[in-house]
Amino acid sequence: MSAAPEQVVADEVAAALAAGRPVVALESTIITHGLPRPRNLAVARDLEATVRSGGAVPATIAVLDGRVHVGLTDAELARLAAAEDVAKASVRDLPVLLARGADGATTVAATAHLARRAGVRVFATGGLGGVHRGAAATFDESADLPALARTPIVVVCAGVKSILDGAATLERLETLGVPLLGFRTRRLPGFTQVDGGQDLTWRVEDAAEVAAVRRRADDLGVTAAVVVARPVDADAALDPVLHDRVLAEALAAAEAGGVTGKDVTPFLLDAMQRGTGGASLEANVAAVTGNTALAAEVAVALAAG
C-alpha cells in the first residue's frame, strides 16, 4: 500500500487509478452501522466481489488508526465488521479521528469526499441521507446533501431513504445544483421502495449515458455530484403496507425516546429491521447490491473515455 502519511491507498487501487482503470468506492458505515453481524462482513465481501465481476476494482473506504484507507484488505474488512463502537464519520468528523488516531466508518458524505480526493470517480451506496421529517422545526438535515453539492463524483444510490422527507430532499438537491438522474425511471426511488412518491426531471437508460453526463458536467465545471437513482428490483422491495406501518411506529418511538441528530437514521433503520422481521434488511442488501453492479458499469464506461 502507498500514499501520503494521512492516507493509505491500497496497491491494487493505486495501480488501477494510475492506469486509468475503473474503480468503485464503497462506504463502510454499512459494515459497522447498517447490518448485523455476521451478515455485515458477508455483504461487504459480496459487494467487493460484485464490483470485480463488473470489471472494476473495489475501494472500500474507512479510517483506521487515524489514517484514511482507500481500499481495505480482507483482514481490515473483518476488523471493521467485528469492532464495537466505531465512530460514524461524516466529513466534519474526519480531522478529529485523524488527530486522535481513531477508527471511523465513513458515511455517504465522507466516502464521496475521500474517494474523489483519491481520484476515484464513482461511488455506490444504498439510500441517500436527506431532509428529515419535521425538519422545519428541528433543522435536521443530512450532511450528505452539501457534500454532494461540492464533490464532482458519480453516486449510484437507491434514491432517498424512505424514513426521510423525499419531497423536501428533492427541493434541497435542486437548490444545491445536484444533477439527479432516474435510472430507467422518472420516479424517485425510496431505498427499499421502488417508488418514493416524487417525480424526477431526468431519466437515463444505461451506464454510458450516466458517464456522458458526468463528462459534460466536468467540461462545464460543475463541481456537484451526479446522482443516479436506481430503484430496487420490484421482487426484492419491501411491501409498502408493511413499510408504512412499521415506519409510523418507528417514528413515534424515536420521538418518544428523544432520539435526535445523527442517531435518528440508525435508530429508525434498526426499528424497521426488527419491525419487518428482517425484510427491510433483505431489501436494503438487494438495493445496495444492484447499485454496486450499476456503479461498476458506470466506472467502466467512464474509464473507456
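## Briefing: helix packing and nonpolar cores

Helix H10 (residues 207-219) packs against helix H13 (residues 279-303) at an angle of about 55°, and their axes lie 8 Å apart. That angle makes H10 oblique to H13; angles under 35 degrees count as roughly parallel, over 145 as roughly antiparallel, 65 to 115 as roughly perpendicular and the rest as oblique. This is a predicted model, in which local features need pLDDT of at least 70 and side-chain atom pairs count only at pLDDT 80 or more, while totals for chains, interfaces and linings use all residues. Residues are numbered from 1 along each chain as its sequence is written, and side-chain values use heavy atoms, with hydrogens and water left out.

- Helices are DSSP runs (H or I, at least four residues), as are strands (E, at least two), numbered from the N terminus.
- Axes are lines fitted to C-alpha atoms, for helices over the stretch in contact, and angles run from 0 to 180 degrees between N-to-C directions.
- The contact (heavy atoms within 4.5 Å) involves Ala207, Ala208, Val210, Ala211, Arg214 and Arg215 of H10, together with Leu294, Glu297, Val298, Ala301 and Leu302 of H13.
- By class, the contact of H10 with H13 holds eight nonpolar, no polar and three charged residues; Ala, Val, Leu, Ile, Met, Phe, Trp, Tyr, Cys and Pro count as nonpolar, Asp, Glu, Lys and Arg as charged, and the others, Gly among them, as polar.

**H3 and H13**

- Helix H3 (residues 39-53) packs with H13 at an angle of about 25°, the axes being 8 Å apart.
- H3 is therefore roughly parallel to H13.
- On the H3 side, the contact includes Arg39, Val43 and Leu47, and on the H13 side it includes Leu281, Glu282 and Val285.
- The residues in the contact of H3 with H13 comprise eight nonpolar, three polar and two charged.

**Nonpolar cores**

- A nonpolar core is a set of buried Ala, Val, Leu, Ile, Met, Phe, Trp, Tyr and Cys residues joined through side-chain atoms within 4.5 Å.
- The largest nonpolar core has 54 residues, of which Val13, Val70, Leu148, Val155, Leu180 and Val227 touch the most other members.
- Helix H6 (residues 108-118) supplies the largest share of this core, six residues.
- A second, separate core of 42 residues includes Leu72, Phe183, Val226 and Ala295.

**Arg203**

- Arg203 belongs to strand S10 (residues 202-204).
- Arg203 counts as partly exposed because its relative accessibility is 39%; buried means under 20% relative accessible area, exposed over 50%, and partly exposed in between (1.4 Å probe, protein chains only).
- Not counting residues up to four places away in sequence, Arg203 touches Gly182, Arg184, Thr185, Arg186 and Glu209.
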